[in-house]
Amino acid sequence: MSDQHSFHNFETLAIHAGNTADPLTGAVVPPIYQVSTYKQDGVGGLRGGYEYSRSANPTRTALEENLAALEGGRRGLAFASGLAAEDCLLRTLLEPGDHVVIPNDAYGGTFRLFAKVVSRWGVEWSVADTSDPSAVRAAITPKTKVIWVETPSNPLLGITDIAAVAEIARSAGARLVVDNTFASPYLQQPIAMGADIVVHSLTKYMGGHSDVVGGALIAADAAVGEELAYHQNAMGAVAGPFDAWLVLRGIKTLPVRMDRHSENATRVAEMLTRHPKVTKVLYPGLPDHPGHEIAAKQMKHFGGMVSFRVQGGEDAAVEVCNRAKLFTLGESLGGVESLIEHPGRMTHASVAGSALEVPADLVRVSVGIESGDDLLADLQQALG
């Protein structure tokens with residue numbers, strides 16, 4: 001499988017990058033190589049570099065080449081989950097005593113990884129509002145090795161100027177890591193704006209059908225990619241071949257899905273701004289969003305995630321979630337079906353009492369690709 005492509009348009013890469021026709025049968029879809037080990041042509045004589053599927057698997061290779069092509073990176077790596085990818089990244093880049101700047105609005109699992117796991121290893125971290133470059137600069141210490149960014153962020157949909165923070169990271173001798181899960185590479189490509197490493201939960205928009213769990217790292221530098229690959233093999237939390245195949249299948253329709261997600265989310269956000277029981281709508285596509293201009297500059301569209309606050313506090317927000325019918329009450333996001341959740345009690349319960357605690361009256365929706373009219377009607381009845 002080759003990572004050399006004579007085409008560069010995203011929609012074509014999504015379908016063809018890494019997806020070389022099977023040389024044996026001509027199958028246009030890469031096979032699921034459900035295999036643990038490989039026959040060697042003599043001691044040390046590996047066919048195509050394959051010896052054991054923790055180290056490499058042809059189906060996973062196809063996905064990893066696809067990911068690197070879509071994000072414009074030199075190396076892509078696929079993992080068993082987004083947090084497995086993050087764990088590998090942090091243990092590759094950091095040593096005890098190093099410092100990381102993390103956003104004040106981040107996925108609860110990422111915060112838990114820093115606060116409860118990595119900190120026990122002797123890695124220090126501090127919180128900054130990454131939408132404010134001056135706050136990022138102020139949070140850097142002589143020990144800072146990584147600046148971590150989510151944009152759009154989870155669940156408050158904050159926007160970070162990737163190019164500006166990349167310049168700050170370079171000046172400090174730190175690496176910029178961007179979690180691009182909410183945007184996907186179709187809407188935003190952080191490496192082109194100066195990021196060193198991109199993180200994905202492949203479970204979300206990349207898979208797109210709520211039927212697979214996975215994670216990814218894409219490195220801008222080949223040497224960093226090799227170091228990550230060494231740790232991926234040494235630590236072993238790799239994507240299985242069937243999971244890799246499911247993500248590859250999902251990616252083929254990523255552009256058309258993201259267009260529809262963004263279209264529906266825009267309609268949802270605009271309706272919510274007019275609803276009397278909604279006190280605030282968080283969506284970067286709205287002109288009054290504080291990060292709107294930056295999002296318009298660095299994103300193709302504004303994505304399918306919308307959060308909003310409601311009158312009546314936490315109990316009212318929970319009731320909105322419970323009354324929804326078409327929007328399924330559930331964690332995760334990015335599938336073709338619409339989801340609704342209460343972040344404070346669900347995905348972000350781990351940040352309660354911290355600087356990342358989310359408002360109790362907040363509702364988060366992952367807007368799917370159903371009929372926009374039906375989605376609006378469901379939210380209107382759920383709000384009452």
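Does S332 count as buried, exposed or partly exposed, and what is its relative accessibility?

1. S332 counts as partly exposed, at 26% relative accessibility (buried is under 20% relative accessible area, exposed over 50%, partly exposed in between, with a 1.4 Å probe and protein chains only). Look for S332 in the loop between β10 (328-329) and β11 (339-341); strands (E, at least two residues) and helices (H or I, at least four) are DSSP runs, numbered from the N terminus. Its phi is near 80°, a positive value in a residue other than glycine.

2. A word on the source: this is a predicted model, where local features need pLDDT of at least 70 and side-chain atom pairs count only at pLDDT 80 or more, while totals for chains, interfaces and linings use all residues. Residues are numbered from 1 along each chain as its sequence is written, and side-chain values use heavy atoms, leaving out hydrogens and water.

3. Now have a look at the loop between β4 (144-150) and α6 (162-172), where P152 lies. A cis peptide bond joins T151 and P152, with omega about -10°. P155 is in the loop between β4 and α6 too, and the bond from N154 to P155 is cis, omega near 15°.

4. L157 also belongs to the loop between β4 and α6. Though not a glycine, L157 has a positive phi of about 55°. L157 is buried, with a relative accessible area of 1%. For background, most residues other than glycine have a negative phi, and most peptide bonds are trans.
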